[in-house]
Each structure stands twice: as C-alpha cells, then as structure tokens.
Amino acid sequence: MPILKAPRNPLVYLKAKHITSIEDPVRLLKLAADTKNLELGKLIHAHLIVTSADAFSNNSGVIQSNFLINLYAKCGQISIARQLFDCMPVRNVVSWSALMAGYLHNGLDLEVLGLFKRSMVAVDDMCPNEFVLTTVVSSCSTSGRVQEGMQCHGYVLKSGLVFYQHVKNALIHMYSRFSDMEGAMSVFNTIQACDIFSYNSIINGLLEHGHLKEAMQVLSIMVSKRVKWDSVTYVTVFGLCSSLGTLRLGLQVHCRMLKSDIECDAFVNSAIMDMYGKCGKLVNAAKIFECLLIRNVVSWTTIMAAHFQNGYFEEALNFFVNMKLEDITPNEYTFAVLLNSSASLSALRHGALLHACAEKSGFTDHIIVGNALINMYAKSGHIEAANEVFSNMTYRNSVTWNAMISGYSHHGLGKEALNVFRGMITAGDYPNYVTFVAVLSACAHLGLVQQGLYYLNQLMKQIGIEPGVEHYTCIVGLLSRAGLLDEAENYMRSVSAKWDVVAWRTLLNACYLHRNYGLGRRIAEIVVKMDPNDVGTYLLLSNMYAKARRWDGVLKIRKLMRERNIKKEPGVSWVEIKDTAHVFVSDDNSHPESRQIYEKVGELLIKIKQLGYVPDIAAVLHDVEDEQKEDYLSYRSEKLAIAYGLMKTPTKAPIRVIKNLRICDDCHTAVKLISKLTNRVIIIRDANRFHHFKDGFCSCVDYW
C-alpha cells in the first residue's frame, strides 16, 4: 500500500477527528473525487492508514480502496490508482470498473482493453457487469479497435447486458465512430425506450456521415415520442438544419429552444449562428452575436465562418482584429476560416501574415490549418509556397491531397498535379469525387486523352466512385483541347448526364480558340437558351464575329444584349504592392501615378514590338480604323497593373495580378513577351485560371 503524507492543514485535521464510522471516510472520498479535491482525498487516505493498519484487508477495506482508486483516477493520478489496485488482496467487479474508467478518462484506452482481456476475465475469473462493458466498449470507440468492439458486442448479447440503456448508448456511439451507421441503427432499433443520449448519439452519427434523410427520420420519431431535449440535442439538431440548409426547420427549432428552459451556453449560441449563416440569414447570426454577453473563441470563429460562407471575406478578416482587442486567443479553426477568407480575396500578403501568426501560436501542425494554407497560397498565385506547406505536413488527409492537386491543376501545371496524385495512391490514401475532378482537369491541361478516359472509365469504377457532371465536363474539356470538337459534341449528346451551362460553355470556348465558328454559333444558341443572362456567351459569340470581320454579327449581338439589358462587366485588374491593392480599369487615369504608368506601358509596347509583338486588332469589337483599335488595346487594365508592378517591385520579384474577366488574346501575347523582355515571372489570375508567364511562355500553352 503506497504511504502518503497528509497535508499540514490544522482546519482539515480538526474535521478529520470527527470521522467516527466507515461511512464517513467513504462519503468524504466521494466528495473529494467529485470535486477533484486531491488534498482532501490524500488526508482521508492518510487517516485510514494511520487509524487501522488492516483496514484494507476486509470487506469494508475493499469498498474504501475502490473509492480511493476512483479518487486518484479522477484527479489524474492514475499511476497511484494502479498501485492501490495492484496491492488489493481482494478485489470485486467495482475495483476493476473504477480502474478501467480511470484509464478511459485519462486517455489510456489500450490499458482498458489490456485489463479486460488479459487480467479481469483470464486471471481473476471475474464476470464483468454493465458498467465495465460500457467502459470497454467506449475504449474500443476512442481507440478505433473495430474487431474488439464487435467482440464486446457479441459478449454483451450473450450475457444479456444489452438491455441496459447505457450499454446500448455506448454501442451506438462505437458503431458511429467506426462509420458503421448500419450497425448503429441496428442497435438503436433494438432499444425499446430510447433516452435522449440514444437520440443524440444516433442523430449526430448520421449527420457526421452525411445520412441527412435518415437523421431527419430519427428526429421525427424523437419529436413524436415527446422526448425532452437537452443542450446537446439542440446543438446536434441545429447542425442538421445547417447541413440541410433548411431555414424553416431551423426557425422552428430556435423557437422551440426559446420556449424551453435550456440554458443558452456558448456552444448552443454558436450552433444557432452557424445554422443562420449556412441558411443565408447572416443578419440573424450577427444579431445573436451582438447580443452575447460573453464571447469565447467558438463564438468568434462561428461568426467569422458565417461571413465567409456568405461571401463577406473582408468582414470575416475584420472580426479577427476585434477578437484580438477583446484578448480572445484564436484556435486552429479560427485560423482555417481566416486563411480561407484570404484565399477567396487572393490576399497573399494578408495570408502570409496569418501564416506567421499561426506559426507563432503553434497551430501549423494541425491538418485543418495546413489545408487552409495550401488553399490560400494556391489561390493567391504562390503555388511554390503551397507545395512547401504540403511537403512539410506530417499528417495528410484527402482534403490535403485534393488541395494540392487542384492547386497545381488550376495553375495549369498538369504534370505536377498528376505526380501528387500518384503520391496519394502510393501513400495509401483513397482518392474521392473531388480528387478526380482535379486529376481529369490536369489531364485536360496536358492533352492526355487516353489517360483521362482511363481514369474516368476504369480507375473510378474500380474505386467505386460514380462519375458526375463535373467529371464529364472535364472530358469535354480534354477532347476540346485536343481539337476533337466533333467528338466532344458527340460525347455530350451520347452521355446521359444532366449537362449544365459550364459544360456547353467549355465546348463553346474551345470552338472560339480553334476558330470553328460555325459549331461555336450553334453551341452558343444552346447556352443562351439555358441561360439567357450569361454575358460571357454573348461576348464569346461577339468575338467570333469580330475575328471573322463580321461586323453585322457584332452589331446583332450588341443589339440583343441591349434588348435583354445585359451589360458587360468592366475589366478590372489589381496588383498588391506592400499593404495596398492598386486597382486599374482599362484607359483609367484615376491613379495618382497614371502618367508614369502610361509612359511605362508605352515603353514596354515599343520594346516588345521589336520582339515580334503585333497588336491583335481583330479582337477589338469596334468597326473603326486600325490605329484606333491599336490605341484601344494598348492600355488594358492588366497591362497597366503589370507596368505598375514593374515600377514598384524589386527586379527579381514575381508580379502577381488578379483580373476579374478572361484575359484577352492580345494581352496574353503581350504579357508573354513582357516576361521575356524583363526577365520576370508574371502570374495573372483571370476568371478561369492562373497563367504563369516566364521567358516568353505561358503555363496554359496558349489554351485557356
């Protein structure tokens, strides 16, 4: 028996003198365990040792030892609890249960299984009760031991312990953790009278694994049986409303909660804000946040996420400043939301600052932060930094691989994307639906027709992934890029997919690039019928007429756009210099340094003409003199942004420009030559993809 020194506290000793029966120390030990008062517990332990040397050898001693094990386990002193257990000359099932529960709550799940398999049954020939089995099943859940968990389920059925409510709840939770919702539902359906823990566990499991319809059915049963909800129920059901995006149901649940006596803690309030955010009612989420008297990191992260999900990226980033003013420490989820907001704005400098904050706070090792960093750097045009983050990650999941493959694919680096995909297969991680969208897109960039068809028709089938319209659209892009326009059209007409505007517009864009204007006009008619307000289609069709010098066709399209009140969005480009984003519009003179910028553009155009640049005046949609058309092309927004970047950045620094529309043919040709002339890497993100210009070449290989 371990000998412990009692704390020197006269007041406590005074109380100790009044302990007159066995029940007194037991009650005090229970009190000490429940309040985690280790000092009081040690005092009682010392009192028992001093007052009776053989107090632990008889039946009452077993009871006291059990309470001591429970005390030390709950106070985090599991090694002392084990010493007490090992020194017991006689043990009962409560002794085993107390020690196992201690191991479970201290995160030592495998110790529980070891005790159960190798000692309790094999050595002491002890018959476990419902409390022991509940602990063992819970250990199987947290440690991911599927086989042992199923064996425990078999033992539970044979022993008749399955009729205990908490045993059933543990089994439901275990099968949910194992992603075996069929097994969880099977246990759930055997319960005669489910309690709220059963409902919470099964609904949460179904929700986490995407079985939303089944979760709604269980919710309906729970409501019909008038089961009283607790705070966990509300958090779970609000989560279900969020996943379904059903505002009406969310309002009903919120109303029910307000009528109940449930205390609105930070988690319930955060669940309500999350529901309103995902259902598009950002105003409601903001009102709840403003009314909170106490805001913790969960509250702040939730309101940031709500703004991010609704496209208010700058506002999401601004919340971080206010959060720091209230001295709230961010967690890994906070950084993930902030980094993804920066990614949506292509705010590289801001994202890099957040990266430094996450590094300083010690959160960069979290997978969710690593994934957000890859996404941020890829979408901000710094694919090398994205790859560096990816390479340094110790642990990766499917989101990690998908982010890197998609990043390379979006940058037109198909070879690198496929190399990462092969690494994913080698690592034993299973690709999913999203993975193959990125992989097929990479094949399209490289023109790998046969390889792309192999991935679609064979590899996806082997893995068990049903192709969707996104995969079929990638195949259309793959065939189109290879110049197989008729095959692409036939493919679309032969595959029984619900083709959307994106797929037809992919083929339309290919017709424009391959100068097949006859097919292009026919495809454009289909797109306009599907989406009469798609301005991009009208512009592509107008460009086709302009390329063919069919000005009557250009006028016809413009007249049609006026009649339908369809307006072309003005071309805007911006470049980030230090902490400021400088925005440019074509032929814009509003910038303070516009004179110097225009001079720089003129200087660049003169020099690249010596390298073979000829303005593509055929793309100008105006029936005017050629000289006027050339002037119109000279000061496009991206040229102004690049010129300013060259003026303000170090000689070897890459220039990153964001453009809201598709880059035109003339600017694409000009930027290639500017990159060669200045020996600079120029990265432009347009409405479709990234273009990496270096030494006179572009990563898109002139197909975008």
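Modeller: The model is predicted: local features need pLDDT of at least 70 and side-chain atom pairs pLDDT 80 or more, while totals for chains, interfaces and linings use all residues. Residues are numbered from 1 along each chain as its sequence is written, and side-chain values use heavy atoms, without hydrogens and water.

Colleague: How much of residues 195–229 is helix, and how far apart are the end C-alpha atoms?

Modeller: Residues 195–229 are 74% helix and 0% strand, with end C-alpha atoms 10 Å apart. Helices are DSSP runs of H or I of at least four residues, strands runs of E of at least two, numbered from the N terminus. Residues 296–330 are likewise 74% helix and 0% strand, and their end C-alpha atoms lie 9 Å apart.

Colleague: What makes the reach of helix H12 (residues 196–208) close to the expected one?

Modeller: The expected span is 1.5 Å times one less than the number of residues. H12 has 13 residues and reaches 18 Å from first C-alpha to last, close to the 18 Å expected.

Colleague: Why is H12 called mostly covered?

Modeller: In H12, 10 of the 13 residues are buried, among them Ile196, Tyr199, Ile203 and Leu207. Buried means under 20% relative accessible area, exposed over 50% and partly exposed in between, with a 1.4 Å probe and protein chains only.

Colleague: Why does glutamate 416 count as partly exposed?

Modeller: Glutamate 416, in helix H25 (residues 414–426), has 31% relative accessibility and therefore counts as partly exposed. Its C-alpha atom is 7.9 Å from that of isoleucine 405, 11 residues away along the chain.

Colleague: What is noted about the phi of serine 346, and is serine 346 buried or exposed?

Modeller: Serine 346 has a positive phi of about 55° although it is not a glycine. The residue sits in the loop between helix H20 (332–345) and H21. Its relative accessible area is 9%, so serine 346 is buried.

Colleague: Where does valine 701 lie, and how do you know whether it is buried or exposed?

Modeller: Valine 701 lies in the segment after strand S6 (697–698) and also has a positive phi of about 55° without being a glycine. At 60% relative accessibility, valine 701 therefore counts as exposed.
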